[in-house]
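Colleague: I would like to learn how to read a model of this kind feature by feature, with the general idea given before the particular case. Could we begin with the charged side chains?

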Amino acid sequence: MLFWLLLATADPAPPAFRLPAGIRPTHYSLDLMVVPSQASFAGSITIDLELAAPSSVIWLNATDLSIESAKVIAAGTVQVARVIPGGEDFVGFAVSTAIPAGRAQIA
């Protein structure tokens, strides 16, 4: 029983090379604070997505980003997303209830 519990809570593996098919970013809105004398920046990003099929995990490209929080908005509902580290080039966002096919946003 303990073995099953460990498998059920394991994070999915990140993509190996390219993002998986079926989830397509369509628009990015950025609100960034950039200070030229500093090596880093802060802000928020909202990404509009089109999902071909329901999914409970969304993988996106991300290099050297520190994400404090995320939420997924779809079909009139808002879900807090758990950030899944994906190595050097990817980040995943997992939600408890699958996001339906169609339009969605990650903020």
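Modeller: Let us start from one residue of this predicted model: Arg82 is partly exposed, with a relative accessible area of 42%.

Colleague: Which residue forms a salt bridge with Arg82, and how far apart are the closest N and O atoms?

Modeller: The partner is Asp11, and the closest N and O atoms of the two residues are 2.5 Å apart. Because Arg82 sits in strand β5 whereas Asp11 belongs to the loop between α1 (2–8) and β1, the pair ties together parts that are 71 residues apart in sequence. Asp11, at 38% relative accessibility, also counts as partly exposed.

Colleague: How many salt bridges does a search of the whole structure find?

Modeller: The search finds two, and Arg103 with Glu50 forms a salt bridge in which the closest N and O atoms are 3.8 Å apart. Arg103 lies in strand β7 and Glu50 in strand β2, so this pair ties together parts that are 53 residues apart in sequence. The accessibilities are 71% for Arg103, which counts as exposed, and 30% for Glu50, which counts as partly exposed.

Colleague: Turning to the strands, how does β5 pair with β4 and with β6?

Modeller: As a general idea, the side chains in a regular strand alternate between the two faces of the sheet. In this structure, β4 (residues 70–74) runs antiparallel to β5 (residues 77–86) and is joined to it by five bridges, with Val80 in β5 as the bridge partner of Lys71. β5 also pairs with β6 (residues 90–99), again in the antiparallel sense and over five bridges, and here Gly92 in β6 is the bridge partner of Ile84.

Colleague: Which residues in the two hairpins take a positive phi?

Modeller: In the hairpin of β4 and β5, which has two residues between the strands, Ala75 in the turn has a positive phi of about 50 degrees. In the hairpin of β5 and β6, with three residues between the strands, the positive phi, near 80 degrees, belongs to Gly87.

Colleague: Which residues of the largest nonpolar core touch the most other members?

Modeller: In general, nonpolar side chains tend to be buried together in soluble globular proteins. Here the largest nonpolar core has 17 residues, of which Leu49, Ile58, Leu60, Phe93, Ile99 and Ile106 touch the most other members. Two or more residues each come from β2 (41–51), β3 (55–61), β4, β6 and β7 (102–106), and β6 gives the most, with four. Apart from its neighbours within four places in sequence, Ile58 is in contact with Ile23, Leu49, Val91, Gly92, Phe93, Ile99 and Ile106. A second, separate core of five residues includes Val57, Trp59, Ile84 and Ala94.

Colleague: Where is the pLDDT below 50?

Modeller: The mean pLDDT of the protein is 87, and 91% of its residues reach 70 or more. Over residues 1–8, however, the pLDDT is below 50, and this stretch has zero contacts in the model beyond near neighbours in sequence. Where pLDDT is low, the predicted coordinates should not be read in detail.

Note on methods
Residues numbered from 1 in each chain as written. Heavy atoms only, no water. Pairing = 2+ DSSP bridges. Core = buried A, V, L, I, M, F, W, Y, C linked by side-chain atoms within 4.5 Å. Buried < 20%, exposed > 50% of the residue type's maximum accessible area, 1.4 Å probe, protein only. Contact = heavy atoms within 4.5 Å. pLDDT = per-residue confidence, 0-100. Salt bridge = Lys/Arg side-chain N within 4 Å of Asp/Glu carboxyl O.
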